[in-house]
Amino acid sequence: MVGEPCSENKESSREVTLFSTFLQDAFPLYLFYGMTYEQFWCEDCSLADYYRKAYELRRAEENQKLWLQGVYFYVALCDVAPLYSWKPQKPQDYLSEPIPLSEKEKEKQDERKQSEAIKEYMNTFMVQFNKEKEG
Amino acid sequence: MAKQITFKYDNKEYILEFNREVFKKVEASGITMARLEGLENNPADALEVIPELWFRAFQMHHPSVTRELADEIYHSMANKGGNAEQNLPDEEIDFGLLGALIELYQEPVAILYTEQGNTKWSKSW
């Protein structure tokens, strides 16, 4: 009650905390994290910590995916934006391949683009060369 | 990996561990965290609490162990009380088998409290 010292409150209203109730209340949350009944109640109790951490990793990954989806939407809207300008123009082409998500993917993409550029140059050169040879 | 107490008795390996189901049974039998915390001020209570806790610790991995065998094993164990009465620095205190048993019992609940917050804190001692 207001005005009474904290220690008197503790002495008069002490209750035994039953952690079994806490476990019962926590159980649905760990089912949500993906644990089974057996895992939560009967198996290694440290599994709960790993399941919680795995859930947090999944949530971070989901967030990353949604953010990336937003990037693709943004790119698509920017590509078609010229259609809706004051003087409508041809929209830009959408991305020809996915946005690289790591340095390794970026390097592979750059190599692929470089080798395609070289191939195109060689084809153009050969066509030109053959034309000159015939003519 | 959850906390376990392991030992060999009569040429057999034993693993003591609590899961949440056994924790519930122990609490239902009247051994609550509050009662364990009160053992220091009420040592006579230990005569009832410790044997029950010790017996239940076998149930997860050795459900066929009887109370008689559990008592027999308990009496053969070394370092039951540790050196907590010797006024040593915190890092040198060893609460022995009984301290380990209580920590083992608390593990199924304590592990659910391991979620870390962001609030920084400091202590004055």
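## Surface patch on chain A

A:Ile118, A:Tyr121, A:Met122, A:Phe125, A:Met126 and A:Phe129 make a nonpolar surface patch of about 630 Å². The model is predicted.

## Interface between chains B and A

The size of an interface is often given as the accessible area lost when the parts come together. Between chain B and chain A, the buried area is about 2,000 Å². Carbon and sulfur atoms give 61% of that area. On the side of chain B, the most area is lost to chain A by B:Arg20, B:Lys24 and B:Leu112. Together these three residues account for 32% of what that side buries.

In terms of contacts, 21 residues of chain B meet 22 residues of chain A. Nine residue pairs are in polar contact across the interface, both residues at pLDDT 80 or more. Which elements give two or more residues to the chain B side? They are helix 1 (20-28) and helix 5 (96-110) of chain B. Helix 1 of chain B gives the most, with five residues. By residue class, the chain B side has eleven nonpolar, three polar and seven charged residues.

## Salt bridges

Side chains of opposite charge can pair when their charged atoms come close. How many salt bridges are there between chain B and chain A? The count is zero. Over all chains, the count comes to ten.

One salt bridge joins B:Lys3 and B:Glu103. Their closest N and O atoms are 2.9 Å apart. B:Lys3 lies in the segment before strand 1 (5-9) of chain B, and B:Glu103 lies in helix 5 of chain B, so the pair ties together parts that are 100 residues apart in sequence.

Terms used:
Residues are numbered from 1 along each chain as its sequence is written. Chains are lettered from A and ligands numbered from 1 in the order in which they are written. This is a predicted model: local features need pLDDT of at least 70, side-chain atom pairs count only at pLDDT 80 or more; totals for chains, interfaces and linings use all residues. Side-chain values use heavy atoms; hydrogens and water are left out. Patches are made of residues with over 30% relative accessible area and no salt bridge: like charges are joined within 9 Å, nonpolar side chains (Val, Leu, Ile, Met, Phe, Trp, Tyr) within 5 Å. Accessible areas come from the Shrake-Rupley method with a 1.4 Å probe; for residues, only the protein chains shown count as cover. A salt bridge is a side-chain nitrogen of Lys or Arg within 4 Å of a carboxyl oxygen of Asp or Glu. Contact means heavy atoms within 4.5 Å. Buried area is the accessible area (1.4 Å probe) that two parts lose on being put together, summed over both. A polar contact is a pair of N or O atoms within 3.5 Å; within protein, one must be able to donate a hydrogen and the other to accept it, and residues adjacent in sequence count only if both atoms are side-chain atoms. Helices (H or I, at least four residues) and strands (E, at least two) are DSSP runs, numbered from the N terminus. Ala, Val, Leu, Ile, Met, Phe, Trp, Tyr, Cys and Pro count as nonpolar, Asp, Glu, Lys and Arg as charged, and the others, Gly among them, as polar.
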